[in-house]
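Please read this briefing alongside the sequence and the model shown below.

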Amino acid sequence: MSSPLWITATPLASDGELHIGHLAGPYVAADVLSRSLRADGRPVLFTSGTADHAESVELRAARGGRKPEEVAEGFRAAITADWLRAGVRFDQVVRPARDRGYRRWLQELFLDLYAQDVIVPRTRLAHYCESCRSWLHGAYVTGACGHCGARGEGGLCQECARPNDGELVDPMCVRCGAPGRPRRSRRLYLPLEPMRELLADHWRGAGLTPRLAVLCESLLEDGLPDIPVGHPGEWGVPVPVDGFAGHRVDSCFEFAALHLFGYGHDKQPLPERALHFCGFGHAFCHVVLLPAILVALGLKLPQEFHVDETSGIGPDEGDGGSPLWALDLLTEFGADTVRRHVLTARPQGAGGGIGRADLERTRALLDGTWNRWLSGLFAAVREDSAGRVPDAEPGGEGWEALRHRLRRAAEDLREAYGPEAYAPRRVVAVLDEVVCCTADFGYVNGFERHRPSGAGHHLPALAAQLAVAAALTSWAWPVMPEGATRLAQALDMAPGGPVIPEALAPPAPGTRLAPPSGPVFGF
């Protein structure tokens, strides 16, 4: 078997629950690609993780009077359960605070880079809170980005994606509100400038989106920065270098390195190709830091990036100010509705809204088109063919033209599902067109039931519609796996076949249908 295509999705900090903005970002889109490739018989490794050692985990623990380990464990379990409920199926989820061997692996990687002088000590100005008598980094400090002026936390700017270590304007301690004061601090850094040519060559061949290309070219023009890879602290993996007792591996560096542990690169060869799904605010870790680590290790890995813009949907920005937690919406609307909607509203550009009213409209669309057509089809088979697939070749008025159009739709879907031209919003549009055209076909041919010249004229049209329903058990499965599985069970088929025109074939004549008692897609 050939090397799997490696798909990664941004590790999520285990400092809170999963909200709808997370699903609208990397997770559902990456899962759809993973499912479509598996259905086509291609080997895939789909990985992610939880950023257990993020400063935000320690900060939340301190505010709640708990241990960071408890916070990470609790939210990690909730996040993992919500991923599963949303139909997002990873092959590997790295749990830094729990996985055996992870700490030792990260420290060995750190020492390897230190021995090569890739990681070096530097003395730089850093933010310090005199009131709390502690260094400010990551979630412990807020201020204005020195590059774009956007306010945010330390570490990486979520607006321009550039590192802002020690460069925040008007820094403020999150714990006490006191201003951060500049103070000299000796820490370990990963200087990127010595890798300039190697990184530039990597970026030229990575097929960067325009916004990522602007980021990388701006970094090159301004001079590649030194990235802190350790800081004084109590939470996280201890820095294994003499002279830096009390320092922890920086969460940004760990964020990038975590992907290599998920793949297990030290146990198996790297894949020929990797596709990373992330938000632009995390792009630096994927596009800059991870390639820098790979370059330092002498590993060449072609990488591509699917970057979504920030969705603007945070946990407190839902309808009426109520939280839009993924668990609540998945329980209320079902995975099919949520997955389908976030793909159409995915913030790749001018996406739609993500609120309860928006999800209601998506559910109404599924009920008014997909489910209405299927319920009518199942009723017609029950009444006119004793609930069994009729012994008739697909046909009916307009079938040849529709079949030709459907086969073209299958090719469009295959292209939009593929990694070379991945376009999940296009997938949803084509699927809707398939269903609407078939529903129109069914309506027109439904009058055949009343033809005075004899019975059976309408059975070919039922067989034709059952052929489309059978195709949807494969064509729609990556987007709406729950509904596609229910439809496959109703047709006595296996779901999740390859997205090909040949899927357009009805079940064997005489097959007894077993329609679900409720809606097929969504609920």
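The points that follow are grouped by topic.

This is a predicted model, in which local features need pLDDT of at least 70 and side-chain atom pairs count only at pLDDT 80 or more, while totals for chains, interfaces and linings use all residues. Residues are numbered from 1 along each chain as its sequence is written, and side-chain values use heavy atoms, with hydrogens and water left out.

- Leu431 is in contact (heavy atoms within 4.5 Å) with residues including Trp370, Leu413, Leu472 and Trp475, where residues up to four places away in sequence are not counted.

**Helix α14**
- In helix α14, residues 481–490 (helices are DSSP runs of H or I, at least four residues, numbered from the N terminus), the buried residues (under 20% relative accessible area, with exposed over 50% and partly exposed in between, using a 1.4 Å probe and protein chains only) are Pro481, Gly483, Ala484, Leu487, Ala488 and Ala490.
- The cover over these buried residues includes α1 (20–39), α9 (326–344), α10 (356–384) and α13 (459–475).
- Asp492, which follows α14, has a positive phi, near 60°.

**Salt bridges**
- The whole structure holds 28 salt bridges (a side-chain nitrogen of Lys or Arg within 4 Å of a carboxyl oxygen of Asp or Glu).
- Arg340 forms a salt bridge with Asp432, with the closest N and O atoms 2.1 Å apart; this pair links helix α9 to helix α12 across 92 residues, and both Arg340 and Asp432 are buried.
- Asp412 forms a salt bridge with Arg426, with the closest N and O atoms 3.3 Å apart; Asp412 lies in helix α11 and Arg426 in helix α12, 14 residues apart.
- Asp412 is partly exposed at 31% relative accessible area, and Arg426 is partly exposed at 40%.
- Salt bridges that share partners join Asp52, Glu73, Arg76 and Arg98 into one network.

**Surface**
- Val444 lies in helix α12 (residues 424–446) and is partly exposed, with a relative accessible area of 46%.

Terms used
Helix = DSSP H or I, 4+ residues; strand = E, 2+ residues; numbered from the N terminus.
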